[in-house]
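Thanks for coming. Please have the viewer open while I go through this one.

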Amino acid sequence: MYGINMEKSMNELFEMQKKCAKGIDVMLNMKDAEVDATPKELVYEEDKMKLYHYKPLVKNPCKVPTLITYALVNRQYMMDIQQDRSVIKNLLELGLDLYIIDWGYPTAEDMYLTMDDYINGYMNNAADYIMKSKKLDKLNLIGVCQGGTFSTIYSALHPEKVKNLVTMVTPIDFDTNDGLLFKWGKYLNIDSMVDAYGNIPGSLMNSGYMMLKPFQLMLDKYIGVVDNMDSPDIMQNFMRMEKWIFDSPDQAGETIRQFVKDLYQENKLIKGTLELGGNKVDLKNINMPLLNIYAEHDHLVPPSASIPLNDLVSSKDTKLYPVPVGHVGMYVSSKSQRDVAPTLATWIKERSK
Amino acid sequence: MYSQNTFNETMNQWVDTQKKIFSTWQETFTPNHVDETQNKTNDALNPMEFFNPLNKINKDFLENNIKSFGKSMPFEIFHKMTNSTDTYAQLYNFWQNFISNANIGDSDLITKFSSQWQKDYMNIFSETFVPFFPQSMQDSLKGSTDIFKTYFNTTKKFSFPWIENATTFQDLTLKGYLGDHDALLKYTKLFRENYDKTFGKFFTAPIMGISREYFEKQINSMDSFTNYLNTQNEFYATIYSVGSETMEKIMTNYQDMIKNGNPPETFKEFYTYWWKENEEAYKTLFNTDDFSKLLSQLTEASISFKKNFDTLLEEQLQCLPIPTKSDMNSLYKTIYTLKREVRGLKTDIDTLTNELNFKEENPKVNNQ
């Protein structure tokens with residue numbers, strides 16, 4: 001009747017019922033979602049920024065250490081979300097010597113921090129600490145998303161300290177209408193927002209991200225979870241991801257003000273007019289090898305925002321590496337574990353001899 | 001840790017649910033004697049009626065069991081799941097009603113059904129998304145859905161210009177409820193015009209006397225709040241408009257699918273079709289320049305209200321022996337400036353120390 005397949009519908013409903021019933025047991029016995037589990041040591045801290053050194057997982061790791069800089073938005077443990085899908089663990093097993101910056105959770109007293117403080121201050125001090133402790137004058141950088149923009153700016157300002165630069169899902173050219181954030185960002189009165197809030201609340205940022213795919217992220221995700229409720233492993237992974245998504249630090253007011261105005265609205269990095277600490281950021285100063293990894297299906301940082309970087313630097317050794325995944329898939333997908341981490345590790349090791 | 005009582009409660013609910021499933025099964029497959037004198041249809045043969053209790057059981061089961069969890073991560077997930085299943089159930093009712101009407105071929109009935117659903121659909125939309133926003137935003141968002149009522153009640157208190165336009169307001173309100181996409185926007189604009197002619201003038205009039213400054217802040221705060229509500233109304237009218245248009249499109253397409261013999265085979269398939277159509281429609285809306293501007297206007301209006309309200313609050317707090325946010329911000333600024341200065345001095349000291357050490361270690365270079 002009305003084209004409805006009774007048998008299929010019945011099975012669907014009973015299956016759902018069964019999964020719900022089993023799911024209760026699964027949820028009752030679920031432990032706290034463990035994330036960020038790869039062993040590491042706190043080696044340097046300044047204000048709320050912490051620098052961690054991961055314990056190497058091979059006998060003779062790469063001689064040039066690699067510093068990972070994550071975005072200020074969300075938390076860096078996305079790269080170490082679960083042990084069987086950890087980019088960090090993968091890279092360590094592939095022989096890299098890794099450090100990572102944890103930016104912490106800015107509070108009201110951090111509202112005046114600028115991009116200069118983050119890049120020429122915290123990031124530079126972390127890099128200096130690593131080089132001093134390893135008695136080296138250069139290190140490798142991996143920058144992720146906004147952390148990739150920071151790493152690019154850092155490499156342009158301090159090229160003498162950077163051996164190799166890897167950018168992942170990194171926005172560089174903000175004059176694109178491919179992503180909604182780029183479109184909306186152009187009209188946003190960030191001055192007003194920062195003046196009113198001081199720091200921009202993470203929850204407010206999250207609401208904006210969920211609006212990008214409202215039905216998928218606010219509705220279907222929670223309907224779809226019923227299909228996997230009877231699987232402890234899948235539910236545990238779902239919890240991990242859920243925890244990460246809503247673990248959103250507030251954004252230091254002056255930094256986000258400059259990021260939105262200078263980059264989203266005026267695209268100064270591309271134009272060569274961005275200034276940090278009184279110095280112009282000239283992308284042509286980037287002369288070290290560059291690996292630019294972007295996600296083909298990224299709805300947050302569209303490929304058109306990442307790709308132009310390779311043509312703007314003076315490096316002779318550059319590589320564009322498209323991956324057929326989304327923004328987060330770059331870190332948690334099986335494709336990422338299987339292809340991205342090995343490619344990245346090999347590329348760095350070959351250039352760190 | 002969950003207590004034994006909680007566990008027992010869960011088990012009891014589980015057993016109870018199983019009983020319900022069994023009785024639903026029995027009721028469905030036991031021949032249902034029809035009282036032909038009253039010309040009743042045989043409900044057991046209606047597939048929609050068959051799925052309804054099962055769907056409800058699923059929802060009740062999930063909802064009851066949420067109570068077994070404390071305020072933990074699983075609780076949060078379950079909470080979001082029930083919110084989602086509520087929408088799921090509401091959409092299910094829509095599907096059920098539509099199926100019942102779609103085959104009749106009576107265009108009047110379809111139109112009536114459509115109008116009713118356009119009205120109810122607003123509720124689905126507002127109830128779908130609001131629970132997912134941060135708690136701090138929920139109240140204001142929920143408020144926006146009551147704006148019709150608020151405006152209408154407010155109009156009662158206004159004098160002549162409002163009374164003069166009352167009929168138009170009522171007319172537009174009714175049209176809005178019945179799904180006229182432009183009516184809500186017209187209502188908003190008319191409201192703004194009347195507001196500017198009456199209360200708006202009052203708010204911008206010069207104030208005299210010893211408390212002039214304080215009253216001005218109060219009035220600015222009230223004015224910006226009205227402006228915020230107005231912009232929020234326009235924003236949600238746009239959102240709901242697209243929802244309503246998409247629903248109409250879905251209904252038409254679904255009728256065609258039934259006619260062509262290729263409708264979704266299960267409710268889940270219909271649901272997937274429904275949310276994907278909506279996602280696409282909103283993607284198109286969100287990509288327009290007009291929406292980007294509207295979003296910016298809404299943000300600006302809410303920020304303006306927050307600023308004015310914060311100023312007013314601080315004014316009131318001044319007589320209390322506690323620092324205000326402005327006081328703290330000033331302190332934070334001082335600390336930040338000092339920290340930067342210290343950091344700069346440290347760098348200078350390091351540079352000088354290195355130069356000194358170099359000179360000491362290389363006296364010959366030093367002498368050249």
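Predicted model: local features only at pLDDT ≥ 70, side-chain atom pairs only at ≥ 80, totals over all residues.

Residues are numbered from 1 along each chain as written, chains are lettered from A and ligands numbered from 1 in written order, and side-chain values use heavy atoms, without hydrogens or water.

The second largest pocket holds about 1,000 Å³ of space. A pocket here is an open set of points on a 1 Å grid over the protein atoms alone, where a 1.4 Å probe fits, with protein on both sides within 12 Å along at least five of seven lines; lining residues have an atom within 4 Å of a point. Of its 26 lining residues, Asn124(A), Asn125(A), Asp128(A), Thr347(B) and Asp350(B) are the closest to the centre. At least two lining residues each come from strand 1 (40–46) and helix 3 (115–134) of chain A, and from helix 13 (325–361) of chain B. Helices are DSSP runs of H or I with at least four residues, strands runs of E with at least two, numbered from the N terminus.

Now the angles. Most residues other than glycine have a negative phi. Asp36(A), not a glycine, has a positive phi of about 55°, and sits in the loop between helix 1 (6–28) and strand 1 of chain A. Cys145(A), also not a glycine, has a positive phi of about 55°, and its loop runs between strand 5 (139–144) and helix 4 (146–157) of chain A.

Key
Points joined across faces, edges and corners; volume = space filled by probe spheres on them.
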